[in-house]
Amino acid sequence: MAKLIYALNQSLDGYVDHDAYAPPGPALFQHFIEHMRRVTGSLYGRRIYELMRYWEEDHPNWPPAHREYATAWRSKPKWVVSRTLKSVGPNATLVEGAVEAAIRALKDRLDGEIEVAGPDLAQSLTDFGLIDEYRLYIRPYVLGGGKPYFAGPRPPLRLVAHERVGEDAIRLTYVPA
């Protein structure tokens with residue numbers, strides 16, 4: 001059975017906004033490349049999926065690490081939960097309708113880790129009791145507002161690990177309590 005892992009960068013004040021703070025340094029970016037190589041696939045809400053589609057096409061000015069990430073990302077299946085999208089890109093499947101049943105079936109059918117990205121989607125999956133682990137990558141930025149990592153009430157959690165990752169991040173790993 002697959003595990004759903006909700007993992008995102010987060011500011012010191014609890015917000016996620018990839019456009020509001022500097023990109024990860026080389027070591028943290030390498031960590032994300034290795035993570036993408038290991039996951040079974042990715043489960044996205046519409047907004048984060050549209051952001052991630054950046055990796056679908058090569059850009060001539062990319063450094064080698066970006067090419068590595070794009071290659072890993074493209075190779076993994078993606079499931080996109082959306083009520084508004086009518087189609088999705090290569091190696092992606094649109095999930096509509098009975099989201100809870102679809103994601104439970106996905107977890108039952110697959111092994112390994114499926115990364116979850118998008119606070120609203122993660123909140124829905126939390127409400128269904130489907131998130132197995134929360135990985136918060138705390139970065140040294142204060143945004144003062146935006147989209148919070150937890151889109152609703154924070155579920156009861158138990159800290160199971162913490163570690164420094166890369167140049168400026170701490171990863172906190174929690175499981176439902």
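This is a predicted model: local features need pLDDT of at least 70, side-chain atom pairs count only at pLDDT 80 or more; totals for chains, interfaces and linings use all residues.
Local features were taken at pLDDT of at least 70 and side-chain atom pairs only at pLDDT 80 or more, whereas totals for chains, interfaces and linings use all residues. Residues are numbered from 1 along each chain as its sequence is written, and side-chain values use heavy atoms, with hydrogens and water left out.

Helices (H or I, at least four residues) and strands (E, at least two) are DSSP runs, numbered from the N terminus. Eight strands form an open sheet with mixed pairing, in the order β5-β4-β3-β6-β1-β7-β10-β9; two strands pair if DSSP finds at least two bridges between them. Strands β5 and β9 are the edges, each pairing on one side only. From one strand to the next the twist averages 25°. Angles run from 0 to 180 degrees between N-to-C directions, and axes are lines fitted to C-alpha atoms, for helices over the stretch in contact.

Within this sheet, β1 (residues 3-10) and β7 (residues 133-138) pair in the parallel sense over six bridges. Asparagine 9 has tyrosine 137 in β7 as its bridge partner. Helix α4 (residues 99-109) packs on the sheet and touches β1, β3 (41-45), β4, β5 and β6 (113-117), where contact means heavy atoms within 4.5 Å. The direction of α4 makes about 165° with that of β4.

Strands β9 (residues 157-165) and β10 (residues 169-176) run antiparallel and are joined by eight bridges. Alanine 161 stands opposite threonine 173 in β10. The two strands form a hairpin with three residues between them, and glycine 166 in the turn has a positive phi of about 75°. Isoleucine 170 also belongs to β10. Its relative accessible area is 38%, so isoleucine 170 is partly exposed; buried means under 20% relative accessible area, exposed over 50%, and partly exposed in between (1.4 Å probe, protein chains only). Apart from neighbours within four places in sequence, isoleucine 170 is in contact with Leu136, Tyr137, Ile138, Glu163 and Arg164. Between isoleucine 170 and tryptophan 62 the C-alpha to C-alpha distance is 26 Å, at a sequence separation of 108 residues.

Two packed helices are described by the angle between their axes and the distance between the axes. For α1 and helix α3 (residues 64-75), the angle is about 20° and the axes are 8 Å apart. The two helices are therefore roughly parallel to each other, given that angles under 35 degrees count as roughly parallel, over 145 as roughly antiparallel, 65 to 115 as roughly perpendicular and the rest as oblique. Their crossing is left-handed, the near helix being turned anticlockwise from the far one by less than a right angle; clockwise would be right-handed. On the α1 side, Phe29, Gln30, Phe32, Ile33, Met36 and Arg37 meet Ala65, His66, Glu68, Tyr69, Ala72 and Trp73 in α3.

The model holds 14 salt bridges, each defined as a side-chain nitrogen of Lys or Arg within 4 Å of a carboxyl oxygen of Asp or Glu. Arginine 37 and glutamate 34 form one of these, at 2.7 Å from N to O. Both residues lie in helix α1 (residues 26-38), three residues apart, about one turn of the helix. Both are partly exposed, arginine 37 at 39% relative accessibility and glutamate 34 at 30%. A further salt bridge joins arginine 135 to glutamate 133 at 2.6 Å, N to O. Here arginine 135 is buried at 8% relative accessibility, and glutamate 133 is buried with a relative accessible area of 8%. In the salt bridge between arginine 171 and glutamate 163, the closest N and O atoms are 2.3 Å apart. Arginine 171 is buried at 13%, whereas glutamate 163 is partly exposed at 36%. Salt bridges with shared partners also join Lys3, Glu113, Glu133 and Arg135 into one network.

Most residues other than glycine have a negative phi. Asparagine 91, however, has a positive phi near 60°. This residue is placed in the loop between β4 (78-81) and β5 (92-95), and asparagine 91 is partly exposed at 39% relative accessibility. In helix α5 (residues 119-127), the buried residues include Pro119, Leu121, Ala122, Gln123, Leu125 and Thr126. Just after α5, glycine 129 takes a positive phi of about 75°.
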